[in-house]
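Please look over the sequence and the structure shown here before reading on.

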Amino acid sequence: MPIAQAPVRDIRFVINDLLNMEQHMAGLDHAMPLDAETMSEIVEQSARFLYETCAPLNRNADEQGCRYENGQVTTPDGFKALYQAYCENGWCSLDADEEFGGQGLPYLAHVVIGELNSYFSPAWSNYPGLTHGVREMLDHFGTDDLKSRYMPQLVSGQWAGTMCLTEPHCGTDLGMLTTSATPADDGSYSVTGTKIFITSGEHDLTDNIVHMVLARADGAVEGVKGISLFLVPKRLSDENSELGDSNHVSCASIEHKMGLNGSVTCVMNFDGATGWLVGTLHDGLKAMFTMMNSARLNTGIQGMAASQAAYDGALVYARERLQSRSISGAKYPDKAADPILVHADVRRMLLTQRVIAEGCRAMAYLTAMHIENAKFASDAGRRERSQLVGEFLTPIAKAFMTETAMETTDYGIQIFGGHGYIREHGMEQWHRDAKIFTLYEGTTGIQALDLVGRKMMHNQRGTLGPLGEDIQAWIEANPNARYTEALNSHIELWTTLSSEIAGRAAKAPDDLGAASVDFLMLSGYVVLAWLWARMDDVASRGEGDHGAVFYSAKQKSARFYFEKILPRCDSLAATIRTGSGALMAFEDEEF
Ligand SMILES: Cc1cc2nc3c(=O)[nH]c(=O)nc-3n(C[C@H](O)[C@H](O)[C@H](O)COP(=O)(O)OP(=O)(O)OC[C@H]3O[C@@H](n4cnc5c(N)ncnc54)[C@H](O)[C@@H]3O)c2cc1C
């Protein structure tokens with residue numbers, strides 16, 4: 001893997017210079033606010049740790065994959081030692097409460113390590129990632145008893161976690177799930193059913209695995225309103241968390257996949273396994289989805305990290321690979337040919353990767369700040385506002401950052417030419433690994449429906465809500481910033497389209513579905529335009545410590561974004577406006 005260094009400087013630029021992390025922290029009721037210097041230290045140390053320990057395993061993890069024998073799963077060589085070192089170094093407990101043995105740092109610190117895990121090995125990133133999600137859910141909805149029995153082990157990484165939603169006949173439409181939960185006399189439940197596609201369902205990294213299982217308790221109504229959430233451990237434990245009997249939870253098989261082979265995907269059987277209710281009976285989907293914002297953001301970040309890695313890999317190659325002369329005359333006459341970096345089309349691909357990776361990074365950390373604000377801001381108004389912005393941004397961040405990763409990782413292959421298609425350089429692995437990001441945690445189509453149906457139409461009554469206001473406020477406060485004109489016109493387009501879609505939805509409901517993915521992508525491009533205008537503005541002042549080349553490249557990247565990428569909105573707007581007629585005109589038998 002030709003990746004020599006992580007995007008440490010760019011992460012620091014985004015969280016400190018662009019988004020002013022210290023100011024953000026100052027408004028939080030948080031155990032341990034961080035200053036910019038400490039955060040930079042976390043970024044650098046975690047990158048160094050993962051570069052040395054995790055990056056060397058990524059290729060083999062893909063080739064060797066996970067192995068299944070008699071219900072046991074062996075993870076790729078090196079993952080177990082990496083997991084131990086990762087936990088011992090405290091990377092898994094950064095933002096957990098000190099009460100449970102965590103370090104009480106802000107959520108942003110976890111987001112940084114999440115990005116870097118994915119950058120060095122997306123398959124590896126799922127192991128700590130899932131456990132973090134379970135921890136958050138338990139912390140939010142668990143009883144004190146469950147927390148005291150499970151949180152310390154999840155925080156230390158001694159035990160791992162999973163999310164068990166999907167069943168053979170239902171993925172998106174969870175209302176159809178049939179896993180059952182029957183109450184026992186002692187307040188626990190007996191959980192029975194089969195879950196498929198369970199990431200980290202079984203592995204050799206920990207001696208216990210805590211499954212968060214969606215099931216239907218006795219007497220529940222049909223559909224999503226009858227679903228409850230249960231904590232079902234692989235092994236039972238006593239009140240001191242000493243492990244006892246196994247709990248009738250077994251892994252029936254593992255999947256053979258297109259990519260992400262180092263991350264195990266399991267069929268899990270629950271055969272009368274003991275579980276405990278988490279949150280309110282029959283309201284489990286709400287508990288699951290309350291925690292979905294950060295889970296979806298994590299998946300978006302996997303996409304963004306893949307874009308960055310594909311760019312970094314392709315850039316090294318584009319500097320080295322000598323082919324043909326520049327169309328405008330030799331640039332390196334002393335060499336046998338010019339490096340392919342001189343060719344305009346190669347630059348187009350590289351710069352597309354770059355502005356997407358860097359723009360998405362800004363989008364990811366902005367979303368993370370709103371998610372954190374919604375939980376911890378000391379001011380109630382700020383909490384409420386951030387809740388709305390975070391909810392609005394999350395489906396955009398998840399789907400846009402992962403769909404664009406398909407383009408950027410494809411360019412990773414294309415820039416290498418035929419050498420990208422063979423395995424040696426690792427470019428095809430990024431493309432294969434990245435595809436799943438558009439699928440799990442809700443497909444792109446489902447994110448788009450969430451955005452237009454729930455967030456825009458329902459929560460914000462057909463408007464762009466407080467996010468639109470934030471962008472407008474920035475434009476007004478920065479009238480002399482470059483690109484405000486282009487930004488203004490795209491905000492206007494975005495606003496007009498949102499009210500057009502809202503207006504048509506009642507009369508032609510399929511128009512909503514037909515427009516949804518295009519509208520989500522357009523939203524992503526407009527949010528990125530705002531963030532690129534802001535990055536350009538910060539870079540043009542050049543006040544930080546990143547160096548002249550960094551600031552000048554940022555400004556040129558902003559120009560590339562506005563001239564070469566943002567115009568994609570025009571084509572998206574045109575297709576949105578044609579409605580659903582061309583799709584719905586087909587009779588089923590005409591397909
Ligand atoms: C590698 C891997 C890891 C996974 N990890 C987990 C895990 O840890 N836990 C877990 O519970 N699940 C997991 N999943 C499952 C994953 O979340 C689902 O596959 C995903 O949500 C889609 O569900 P589905 O595959 O059943 O597709 P379906 O729901 O059958 O959807 C098929 C297609 O129809 C579209 N579609 C469905 N409904 C609508 C609609 N109303 N409007 C428009 N389009 C629609 C979808 O967008 C999609 O394109 C994993 C899957 C994989 C492959």
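## A term to begin with

A crossing of two helices is called left-handed if the near helix is turned anticlockwise from the far one by less than a right angle, and right-handed if it is turned clockwise.

## The protein as a whole

This is a predicted model, and the protein in it has 21 helices and eleven strands. Its radius of gyration is 24 Å, close to the 25 Å that the globule rule gives for 591 residues, so the protein is as compact as a globular protein of that length. Along the principal axes, the C-alpha trace spans about 80 × 60 × 60 Å.

Of the 591 residues, 51% count as buried.

## How H12 and H15 cross

Helix H12 covers residues 380–415 and helix H15 covers residues 444–459, and their axes come within 9 Å of each other and cross at roughly 160°. Because angles over 145 degrees count as roughly antiparallel, H12 is roughly antiparallel to H15. The crossing of these two helices, H12 and H15, is left-handed.

## Where the two helices meet

On the H12 side, the residues that meet H15 include Leu388, Phe392, Pro395 and Ile396, while the residues of H15 that they meet as a group include Ala448, Asp450, Leu451 and Lys455. The residues of this contact between H12 and H15 divide into seven nonpolar, three polar and five charged.

Technical notes
Residues are numbered from 1 along each chain as its sequence is written. This is a predicted model: local features need pLDDT of at least 70, side-chain atom pairs count only at pLDDT 80 or more; totals for chains, interfaces and linings use all residues. Helices (H or I, at least four residues) and strands (E, at least two) are DSSP runs, numbered from the N terminus. The radius of gyration is taken over C-alpha atoms; the globule rule is 2.2 Å times the number of residues to the power 0.38. A residue is buried if 20 or more other C-beta atoms lie within 10 Å of its own, exposed if 12 or fewer, and partly exposed in between; C-beta atoms are placed from the backbone. Axes are lines fitted to C-alpha atoms, for helices over the stretch in contact, and angles run from 0 to 180 degrees between N-to-C directions. Angles under 35 degrees count as roughly parallel, over 145 as roughly antiparallel, 65 to 115 as roughly perpendicular and the rest as oblique. Two residues are in contact if their C-beta atoms, placed from the backbone, lie within 7 Å. Ala, Val, Leu, Ile, Met, Phe, Trp, Tyr, Cys and Pro count as nonpolar, Asp, Glu, Lys and Arg as charged, and the others, Gly among them, as polar.
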